[in-house]
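Subject: Structure handover

Hello,

Here is the structure you asked about, followed by notes on its side-chain contacts.

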Amino acid sequence: MRVRAVTPERLVEEIAARVVALPREDWVRLAVDGAEAAGTARLAEALVEPLRLGGRAVLRASAGGFLRPASLRFEHGRTDPDAFYQDWLDVKGITRELLEPLSPGGSGRVLPSLWDPTTDRASRASYVDVPVGGVVVLDGPLLLGQGLPLDLVVHLWLSRAALARRTPPDQHWTLGAFERYENEVDPALLADIVVRADDPRHPAVVEQG
């Protein structure tokens, strides 16, 4: 294993180039996985423009738009790390509405979000037709190990110390969930691209072999 330092700009360029080089006969379901503290949403947003410049239609989505209702998420309290780990994401909903339609032979018609966690109601989003060759860029935590049909996954890895340091104090209750994720799923082993993100100004790509 080798770790290669890159600039944030170069990281975006390399990921975008890898996606653009994929066959254009199919859609690409790209996920940026990791704790919010790692900057997953920031990286996902940064990828949109270079992908479009590379000739790909892009749809941005977040796992936060596919959470289960509060009555299910908070069944064991609002700060239960085990519930956060296994009960918050509506795996069936995100698969059915966002990812499965972009499988080979799919319809290409997707729902960018299903649930609004602020109002705790359906998001009322409209369906979108993603042209063949288009890319959905999804960001969120704990995405691997759930059977989600994804084509390319970038995992932003944080050391335990960096995760604790960069997670707001009122969210420290989630740290146990990320520890379980690290131990039970080993996302760095499953992801296609692993980035060490302890210092957001100096990311490093982990190269296997």
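Which side chain does R10 meet in a salt bridge? The partner of R10 is E13, with N and O 3.2 Å apart. Please keep in mind that this is a predicted model.

Salt bridges

The structure holds 14 salt bridges. R10 and E13 both belong to helix 1, which covers residues 8-20, and they are 3 residues apart, about one turn of the helix. R10 is partly exposed at 42% relative accessibility, and E13 is partly exposed as well, at 45%.

The salt bridge between R29 and D151 has its closest N and O atoms 2.9 Å apart. This pair links distant parts of the chain: R29 is in strand 2 (residues 28-33), while D151 is in the loop between strand 8 (135-140) and strand 9 (152-157), 122 residues apart. R29 is buried, with a relative accessible area of 6%.

Salt bridges with shared partners join R2, R4, R10, E13, E14 and E207 into one network.

D80 lies in the loop between helix 3 and helix 4. What is the nearest side chain of opposite charge to D80, and how far away is it? It is R180, 7.1 Å away. A salt bridge needs a side-chain nitrogen within 4 Å of a carboxyl oxygen, and D80, although buried, has no salt bridge. The side chain of D80 does reach the backbone nitrogen of D82, at 2.8 Å.

Aromatic residues

The structure holds 5 aromatic pairs. One of them is F74 with W88, an edge-to-face pair at 5.6 Å centre to centre, with 75 degrees between the planes. F74 is in the loop between helix 3 (70-73) and helix 4 (81-86), and W88 is in the loop between helix 4 and helix 5 (91-99), so the pair links distant parts of the chain, 14 residues apart. F74 is buried at 18% relative accessibility, and W88 is buried at 15%.

F84 and F178 also form an edge-to-face pair, with 5.9 Å between centres and 65 degrees between planes. Because F84 lies in helix 4 and F178 in helix 7 (residues 175-184), this pair ties together parts that are 94 residues apart in sequence. F84 counts as buried at 13% relative accessibility, as does F178 at 12%.

F74, F84, W88, W173 and F178 form one aromatic cluster.

R73 and the rings

Over which rings does R73 lie? R73 lies over the face of F74, 4.8 Å from the ring centre. The charged end of R73 also sits over the ring of W88, at 5.3 Å from its centre. F74 and W88 are the two partners of the edge-to-face pair described above.

Regards

Conventions
Residues are numbered from 1 along each chain as its sequence is written. This is a predicted model: local features need pLDDT of at least 70, side-chain atom pairs count only at pLDDT 80 or more; totals for chains, interfaces and linings use all residues. Side-chain values use heavy atoms; hydrogens and water are left out. Rings of Phe, Tyr and Trp (its six-membered ring) pair if their centres lie within 6.5 Å; planes under 30 degrees apart count as stacked, over 60 as edge-to-face and the rest as tilted. Helices (H or I, at least four residues) and strands (E, at least two) are DSSP runs, numbered from the N terminus. Buried means under 20% relative accessible area, exposed over 50%, partly exposed in between (1.4 Å probe, protein chains only). A charge sits over a ring if NZ of Lys or CZ of Arg is within 6 Å of the ring centre and within 35 degrees of the ring normal. Lys and Arg count as positive and Asp and Glu as negative; His and the chain ends are not counted. A polar contact is a pair of N or O atoms within 3.5 Å; within protein, one must be able to donate a hydrogen and the other to accept it, and residues adjacent in sequence count only if both atoms are side-chain atoms.
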